[in-house]
Amino acid sequence: MLPALIYVILVTQLPFVLTIFYSVQSWNLLSLAPARFIGLQNYLDILNDPSIRIAIWNTIVLTICAVAISVALGVAIAVLLNREIFGKGILRTLMIGPFLVMPTAAALMWKDTLLNPLTGFVNYLLTPIGLGTFDFINRFPMASIVAIEVWRWTPFMMLIVLAGLQSQNQEVLEAAEVDGARPLQMFRYITLPAIRPFIELGALLGSLFIVQSFDTIFMTTQGGPGEATTNLPFKLYLEAFQAFDIGRASAIGVLAVILTMIVATFALRTLFTIFQVEARR
Amino acid sequence: MSVQAGRTQRGKAVASKVGWSALAWLVAIVFFFPVLWMALEGLKTEVQAASIPPTILFTPTLSAIQEVLSRDFPPYLINSATATLGSTLLVLVLGLPAAYALSIRPVKRTRDVLFFLISTRFLPFAASLVPLYILARNLHLLDNIMALVIIYTTINLPLGIWLLRSFMLELPHELVEAARVDGASMRHELTRIVIPLITPGIAATSLICLIFSWNEFFYAVNFTSSIAATSPIFLVGFISGRGLFYAKLAAAATLASLPVLLAGWIAQKQLIRGLTMGAVK
């Protein structure tokens, strides 16, 4: 176990300490000036920078919207695929396609061949209602990013919820049916409580991934137009690899860690409860 | 119940099954369509791929695929394969003993170690990005595939340990006990008894490593430029290539997505368990 632990500490914990160290320095790789200690100046700068506030806001909007919609759709589709239907196996295979496709590849396909105002297939389908040349990505950039992320994460949520539905106690459902429970009542009072831990697990894992989303934004909007789709990871990319401002980028890094930790502490606690419930079975 | 009533009820059940099946197929096709469209566009000529309205019926041609393969795509694919295989191997070499020490021969504070490990997976990359970049620059590891191998190992190791551990916990206790009574050393116990019994766990771990390493973009785009660039980086070249390259773009996107798509489809059962770190079976 020790080698693995040392490895993880070396590649994640030590750099984080360095991140904190860099964050109190003025250091730009593009300038010849040596790094110098400036205290909390970087933090004051980023907290007063409206573009950082926009990036934080965009991160929150993207994460909450994408997670909420993909969870809702995932539950609905899982319930649908759990019914007596033809070709369950094939349907599940088709459904997980979006999750497995390389995100960069999918993002480019969405931009160039599906939502393209000139040649896009979605635009072609929407021609009858007058949206044939509508530029979705430019006119509704955030909604477009959310849509692509929802397309990618709904299958993930569906898989987890489907596993939950399949582990449900069939006898309880049959007993309820005999007692004359209506389908909607059964879903609300029996199925939903039973699959709740699965929904929570999906939502938590999903938000931890989506909060970091970068690929789709890089490939479709490059954070624009303006700063409409710049989230924290993309902002960090701009500061670190376009401006090469090591001090500032590190300060953003520390800020991102603090924000994530607030979410993650809560998330991990729930995760452990789920594992313990699982272990008691 | 009369024969007639029985028949109508059966008729109703069949009708409902047909109705729900139709809805499920519609939903699955909507979700799968972008994946299908990507593959179809890659089998068209450039003129067909950019036509208005979109070309739906056509004679497939392999010319776009041949063109991207005969030009500069293969080195990118080879880099992806090296980064993926290298990091997967490292995850197994480091992860198997660690999982063993956290399940079959649990060390003290197992729960804390597990908690710590998984928290590193969900620490945002912002936490360690800048120092890792500076370090890679100073060690001349920028644009070197080793940098990606090391980083992808870090990304996948915590998931791998959790996942392998969940499989080890399922092993019958008597089996390991018997070996211990026979005087097997810890190393012997792990390599001769535990590892052969958890091959599905090793498969699930490899699948998750494959998905996250093969599709990874953020570190690839920032830590490599040409020599060590992986397949998503090849796709970046198409961002501004408006208009004339849709078939080649789609062909490259399809080829880049194929390994993960196929592996995920083949190992669907491992997929869900892997994505939830063993929590959902």
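Author: Happy to. Chain A and chain B bury about 8600 Å² between them, with 80% of it on carbon and sulfur atoms. Keep in mind that this is a predicted model.

Reader: What makes that a figure for the interface of chain A and chain B?

Author: An interface's size is often given as the accessible area lost when the parts come together. Here about 8600 Å² is buried between chain A and chain B. In terms of contacts, 92 residues of chain A meet 95 residues of chain B. Salt bridges between chain A and chain B number zero.

Reader: Why is Thr254(B) called buried?

Author: Buried means under 20% relative accessible area. Thr254(B) comes in at 17%, so it counts as buried. Thr254(B) sits in helix α13 of chain B, residues 246–266, and touches Met38(B) and Ala39(B), leaving aside residues up to four places away in sequence.

Reader: And which label do Cys209(B) and Cys65(A) get?

Author: Cys209(B) is at 2%, so it is buried. Cys65(A) has 31%, and that value falls between 20% and 50%, so it is partly exposed. As for disulfides, the count over all chains is zero.

Reader: Why is Leu14(A) called partly exposed?

Author: Exposed needs over 50%. Leu14(A) has 48%, so it counts as partly exposed. Leu14(A) belongs to helix α1 of chain A, residues 2–23.

Reader: What makes up the nonpolar surface patch with Leu14(A) in it?

Author: Leu2(A), Ile6(A), Leu10(A) and Leu14(A) make that patch, about 400 Å² of it.

Definitions and conventions: Residues numbered from 1 in each chain as written. Chains lettered and ligands numbered in written order. Predicted model: local features only at pLDDT ≥ 70, side-chain atom pairs only at ≥ 80, totals over all residues. Heavy atoms only, no water. Disulfide = S-S within 2.5 Å. Buried < 20%, exposed > 50% of the residue type's maximum accessible area, 1.4 Å probe, protein only. Patch = residues over 30% accessible without salt bridge, like charges linked within 9 Å, V, L, I, M, F, W, Y side chains within 5 Å. Areas by Shrake-Rupley, 256 points an atom, 1.4 Å probe, with all protein chains shown as cover. Salt bridge = Lys/Arg side-chain N within 4 Å of Asp/Glu carboxyl O. Helix = DSSP H or I, 4+ residues; strand = E, 2+ residues; numbered from the N terminus. Contact = heavy atoms within 4.5 Å. Buried area = accessible area lost by both parts, 1.4 Å probe.
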